[in-house]
Each structure stands twice: as C-alpha cells, then as structure tokens.
Amino acid sequence: MLDLLDRLLPKLGGYPMWARSLFVGAIVLVLASAGTYALYFNEASGKQDAAHISIDVTPSVLTEKAATNASEVLRQPQLSKDPFDAHLDYADVRSGGHAHFVPQQDYLASARAGGPVKALTGLEPLPWGAANRPAVLDVKVANNTQRTLFFTEAILDVRRSAPDRRPVLVPTVLLDRPRRLTVVNYGWGPARDLRVTARVPATDNGEARATTVRVGTIDHKGEADLSRAFAAAGLDVPTLKRWEAAASAPDSFATPSYRAELARVRAVLAPFGLDPERGVELPVEGELQYRAGNRTALAALRFTAAIPATQPLGLGDYQPPTARYETTRLSVSGTSYQRRVPLAQRVRPGQTDRFEIPVSAAESSEHVFRVRLVYGPKEDVVSEPITLDLLVPRQP
Amino acid sequence: MMGLIDVLERIAPRLEFYPGWARALFSVAFVVFVVAVVVFVALYPRAQRAADREGSAGHA
C-alpha cells in the first residue's frame with residue numbers, strides 16, 4: 001500500500017487541480033465510510049442477527065388446566081350442544097399484515113350476525129362459564145443465528161387498551177316468570193331503547209300477530225312482559241293470572257278456590273295442547289331491537305324461545321345439598337349387613353333438607369338396599385328399595 | 001481481485017442494517033472512488049508526460 005502511494009504520489013503533480021481535488025475527496029469519503037462502518041458494526045450485526053430470529057404469536061387453544069374456571073371445566077365436561085355452552089376461542093383474522101385476534105364462540109357468532117338464537121332456560125340467569133376463559137398468546141420463536149438465545153423476559157408493549165362497551169344480549173326464559181322474556185346483557189355497555197317484538201302461534205294455525213314491548217335501557221338485565229302476545233294468540237291471560245295467584249298462596253293446595261282455578265286454567269290451556277302438570281311452554285319467535293352504546297343505528301337479534309304460558313305445577317326452588325358425608329364402602333358380596341353413617345342434620349319444622357352420602361365398593365357390584373334415617377331413640381324413616389349397579393373400573 | 005470480492009461478500013449482507021445516512025455515505029464514497037480511479041487512469045498518460053517535463057526542466 002505504501003509502495004503504491006510512493007509510486008503514485010509523485011505523479012499527482014501532473015494531474016489538473018480538479019482531478020487532485022477529486023482524489024482527495026474520494027480518499028476522505030472512503031476513510032469516513034470505513035470509520036462509520038467500524039463504528040456501527042456491532043449495532044448492524046445485532047440487527048442482522050435479530051433478522052434471523054423469527055417470532056410469531058397466535059391465539060392458542062386453551063387447555064382445561066389453564067382455564068380460570070378449571071374446576072368447573074373439569075367437573076362439568078361439555079355435554080351440551082347449546083351454542084351458549086360452546087367454549088370460547090380466539091381466531092387470528094389478519095388484514096394488511098396486522099394480526100387481529102377475535103373471539104370465536106358459537107352463540108356470540110350467531111348474536112353478532114343478528115340471530116336467530118335460542119333463548120336460554122333456567123331458574124335464574126346463568127354465569128357464562130364457557131366464555132370465561134382467558135385469551136392465550138401462543139408464542140413461536142425460531143433462532144436461525146449461530147448463537148444460543150436465552151430469553152429471560154417477555155414484555156407486552158401495550159399501545160392502547162380500551163373497554164369494549166358493546167352489549168351482548170342473551171334472551172333467557174326464567175321458568176318461574178310466566179309469559180316473560182328476560183334479556184341478560186353479558187356485555188359491558190348498556191343496550192338502549194330495547195324493544196322486544198314477539199309472536200305466539202295461535203291455536204287455529206292462523207298467522208301469529210306480532211306485539212312489541214318497550215323495555216328501555218338495560219345495563220345488566222331487563223324483562224319484557226309478553227302477556228299481550230299470548231293474549232293475541234287467544235290465551236285468556238286474566239284466568240292464567242288468577243291461577244298463578246292461587247297457586248302461589250301458601251298452603252292453598254287443598255282449598256276449593258285452588259281446585260276451581262286449576263280446572264279453569266286447564267280449560268284455557270287445553271286448546272294449545274298444554275297442561276299445568278305436563279308442560280306449559282309455548283314456542284315464541286321474536287326479535288330484540290336495541291341501540292348499542294352511542295350508536296344511533298338499531299341492532300337486531302332474532303330469537304326463538306319456549307316461554308311458559310303460566311305457572312306450572314311442581315316447580316320448586318333449587319336447594320343445594322347442605323352436607324356431604326364420608327364415603328361409605330359397601331361389600332362386593334354379602335347379605336344382610338349394615339353400614340352406618342353418623343349424621344348431624346337438623347331439619348326445622350316445615351323446612352326441607354338435602355345431603356349426600358357417597359357409596360363405593362372395591363369392585364363393580366350390584367347392591368339392593370334401603371336408606372333408613374334414624375331421628376329418635378326408636379324412630380326412623382325408610383326409603384323404598386334401591387338397586388344400585390355400582391361401576392368401579394378395574395385399573396390396568 | 002478475489003480478495004476484494006470476498007470482502008464485499010462479507011460486507012454487503014450487513015449493509016442493510018446500517019442507518020440510512022451511513023448507507024448514503026457508503027454509496028457516495030463508492031461512486032466518487034470509482035470516478036477517481038477512472039479519472040486517474042484516463043489522465044495518467046498526460047500526468048506522466050507532465051511529470052517527465054517537470055523532471056527534465058529540473059535537470060536542465
């Protein structure tokens with residue numbers, strides 16, 4: 001290099017001034033470039049390595065153990081095919097290179113498409129356990145560099161978080177609320193100007209007449225009294241109401257007025273093929289119309305429901321067990337033997353109780369027995385005979 | 001020549017991770033260097049003659 005310069009430098013005097021300026025400029029630029037290259041070498045190398053490490057994040061299918069409601073999930077395997085009970089997952093809807101994870105749940109999809117959805121049925125609004133699952137970020141990393149990478153932290157740089165105030169309406173039939181449709185809002189924002197339009201089929205197979213009930217704004221729960229729709233179908237609603245008042249009066253079962261009202265309500269329900277003892281639900285079609293959040297446009301959700309026309313016979317309050325005792329082990333084979341379970345259950349006058357006694361055996365076996373509850377020195381109450389085919393899987 | 005190509009081969013993949021102004025500097029330096037080489041070669045005979053004349057004038 002020095003030799004080259006040694007040979008070239010004496011000749012530079014023979015070049016014109018502009019050429020010599022060009023040579024000097026070229027040398028300065030080359031030196032500046034070399035310096036810059038060296039100065040930023042580490043940073044550029046790091047970026048080059050990073051370009052060889054790929055990361056991808058997708059929504060993950062949640063395992064049952066990771067669910068926030070794991071105990072419920074494990075205890076109650078998904079047997080229902082109701083869309084409301086379908087598990088919530090997330091799907092990646094990419095648009096323009098931007099990942100967008102959106103919830104996927106059968107009921108939610110139907111509701112956002114405007115229905116039709118099938119109304120839930122129960123004694124009270126249910127928690128939406130199937131949808132109570134966290135979104136799980138499934139992170140995939142590929143290291144195509146020559147170095148070992150040891151990730152010690154994952155940081156979510158959140159640019160924006162904002163509440164989703166869209167209402168999620170679920171029409172619900174509460175069995176102890178005859179002719180009423182309860183609308184439960186599982187969303188975090190109110191549904192304004194809610195109107196429920198319902199049609200109950202008439203007995204003469206004529207076209208069902210639609211009636212509309214204004215419910216107003218609902219934040220968590222609202223109720224629409226559809227008695228007018230039932231009356232439009234030909235039901236004698238005042239008679240149904242008198243029966244409901246008679247049936248709900250305490251100790252009214254043996255009174256003459258109770259029996260008279262029961263006979264009348266049977267006559268009212270008979271043309272519809274209903275009976276207070278066998279079933280009082282009528283199919284109802286309808287539509288919820290509401291405004292979501294601050295939007296002025298009306299959203300619509302079509303629904304179908306089986307709504308009780310009146311109070312059925314035999315509908316009681318759910319009573320959970322008050323105790324569960326130790327498991328009692330039966331013999332696999334034997335005759336005329338007893339198993340005693342110490343109890344401590346108090347039942348006040350006029351009250352009811354419910355408790356559980358688990359039974360097991362060493363092997364699968366059949367047991368025929370009665371349950372006898374002793375409540376005094378020589379007093380007891382005996383159940384009817386019970387045959388229990390106990391299944392105990394043999395373990396491999 | 002092969003050594004130069006090897007150097008370029010090692011340098012080139014990393015260039016895209018340098019800042020924009022640095023890449024502009026590298027580009028300008030490269031162009032100016034090439035032009036300087038071309039000018040040097042093109043004007044070499046004339047510069048040689050001028051250098052020779054200056055040498056003979058010095059001896060005289």
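## The contact between the chains

A polar contact is a pair of N or O atoms within 3.5 Å, where within protein one atom must be able to donate a hydrogen and the other to accept it, and where residues adjacent in sequence count only if both atoms are side-chain atoms. In this predicted model, 3 residue pairs, both at pLDDT 80 or more, are in polar contact across the interface of chain A and chain B.

## Confidence and numbering

The mean pLDDT of chain A is 80, and 87% of its residues reach 70 or more, pLDDT being the predictor's confidence in each residue, from 0 to 100. Over residues 73–79 of chain A, pLDDT stays under 50. Where pLDDT is low, the predicted coordinates should not be read in detail.

Residues are numbered from 1 along each chain as its sequence is written, and chains are lettered from A and ligands numbered from 1 in the order in which they are written. Local features need pLDDT of at least 70, side-chain atom pairs count only at pLDDT 80 or more, and totals for chains, interfaces and linings use all residues, while side-chain values use heavy atoms, with hydrogens and water left out.

## Inside chain A

Chain A has 8 helices and 21 strands, and 29% of its 396 residues count as buried, which means under 20% relative accessible area, whereas exposed means over 50% and partly exposed lies in between (1.4 Å probe, protein chains only). A:Thr182, in strand E8 (residues 180–185), is buried because its relative accessibility is 2%. Among the residues that A:Thr182 contacts, leaving aside neighbours within four places in sequence, are A:Val170, A:Leu174 and A:Glu223.

## Backbone details

A:Arg179, in the loop between strand E7 (169–174) and E8 of chain A, has a positive phi of about 60 degrees although it is not a glycine, and A:Arg179 is buried at 1% relative accessible area. A:Ser336 also has a positive phi, near 50 degrees, but A:Ser336 counts as exposed, at 81% relative accessibility.

Notes. Helices (H or I, at least four residues) and strands (E, at least two) are DSSP runs, numbered from the N terminus. Contact means heavy atoms within 4.5 Å.
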